[in-house]
Amino acid sequence: MKGEGKKRIIVLLMFILAVSLGTYSQVIPVKDQEHFTDSIKKEMDFGPYFGLYKDNYFVVGTTVPGIPSKNNSDVKFQISLAIRLTDMILPWHSFLFLTYTQKTFWNVFQESMPMGDINFNPGIGWSKPFFNHNRYVGKMTLMLEHESNGRDGIDSRSWNRVSLSGSVMIDEWLMVHAKIWIPIIDGENNRDILKYNGIYQSGVVLTTPDKKFSFGLTWVKRYGFNLNFNTIAEFSWRVHKKSNLNLFAQYYNGYGEDLLHYNQYRSMLRIGLVFKPKFFSEF
């Protein structure tokens, strides 16, 4: 029964993506969509070669539910950048790029404020955007990624993965995304990492038409046939229409938030600031 349930969920997700692709051109008004598409094309063809990749944020928070203390509260921040590798458009109007994401957990409330864990995540990727009748539909990305915490001995954690991801724009205010990977586990101390960090993920992002508010949900499916997910919920509020500064709240529930404690359960609520890429965040 569990296997049948999993199959039904996968089929449902594939159906939703297929319907979204097929009906997308009917959802967005032509005038708004053409302006939106032109902006994306110009950014991809003539935009800067160096820019933001995932969300860049700085947040502070604690375990929920519970009473905040120096042992269950911390600061978390992420820096994520992408560099395009060519100054020309590749065949099929695609792009080759390097990425670097660094996620840090900082125990600022403890004596001497030690770093709890730092996760380094470089990668190289190939991305293909899709347009239908001059309308932006979404994109597909193939990536080779490495992730480790830079430690040695019993605290060392590392793994690699080849991933295929895609996103579909249902409307300017609604995007669905999914990512699946083939793991290459080289860390001696995290052989069971798939049980906690998962085998694929999916999510949805809703943004108000004026881009002032954004809400996102991401589910990471952990290994196994039962419905076990890591859940990430995020909310942002842009403080000014001409600024990329956003107030930010993030809730993480599950395993694998950091590499050092990948097999430990967490339920963390944090608030702070986030800077977002111009059009789309990556996941």
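Arg161 lies over the face of Trp181 at 4.3 Å from the ring centre, where a charge counts as sitting over a ring if NZ of Lys or CZ of Arg is within 6 Å of the ring centre and within 35 degrees of the ring normal. Lys128 is likewise placed over the face of Phe130, at 4.8 Å from the ring centre. This is a predicted model, in which local features need pLDDT of at least 70 and side-chain atom pairs count only at pLDDT 80 or more, while totals for chains, interfaces and linings use all residues. Residues are numbered from 1 along each chain as its sequence is written, and side-chain values use heavy atoms, with hydrogens and water left out.

**Nonpolar core**

- Trp181 also belongs to the largest nonpolar core, a set of ten residues that includes Trp159, Leu194 and Tyr262; such a core consists of buried Ala, Val, Leu, Ile, Met, Phe, Trp, Tyr and Cys residues joined through side-chain atoms within 4.5 Å.
- Leaving out residues up to four places away in sequence, Leu194 touches Trp159, Trp181, Pro183, Ile185, Ile199, Arg222 and Tyr223, contact being defined as heavy atoms within 4.5 Å.

**Aromatic pairs**

- There are nine aromatic pairs, under a rule that pairs rings of Phe, Tyr and Trp (its six-membered ring) if their centres lie within 6.5 Å, with planes under 30 degrees apart counted as stacked, over 60 as edge-to-face and the rest as tilted.
- Tyr255 and Tyr265 form an edge-to-face pair, 5.8 Å centre to centre and with 65° between the planes.
- Both residues of that pair, ten residues apart, lie in the loop between β12 (245-254) and β13 (266-275), strands (E, at least two residues) being DSSP runs numbered from the N terminus.
- Tyr255 counts as partly exposed at 22% relative accessibility, and Tyr265 is partly exposed at 49%, given that buried means under 20% relative accessible area, exposed over 50% and partly exposed in between (1.4 Å probe, protein chains only).
- Tyr196, Tyr255, Tyr262 and Tyr265 form one aromatic cluster.

**Ser281**

- Ser281 lies in the segment after β13 and is buried, with a relative accessible area of 13%.
- Its side chain makes a polar contact of 2.4 Å with the side chain of Asp55, the term denoting a pair of N or O atoms within 3.5 Å; within protein, one must be able to donate a hydrogen and the other to accept it, and residues adjacent in sequence count only if both atoms are side-chain atoms.

**Ile83**

- Ile83, in strand β3 (residues 73-84), is partly exposed at 37%.
- Ile83 and Leu98 are 15 residues apart in sequence and 5.1 Å apart in space, C-alpha to C-alpha.

Terms used
Helix = DSSP H or I, 4+ residues; strand = E, 2+ residues; numbered from the N terminus.
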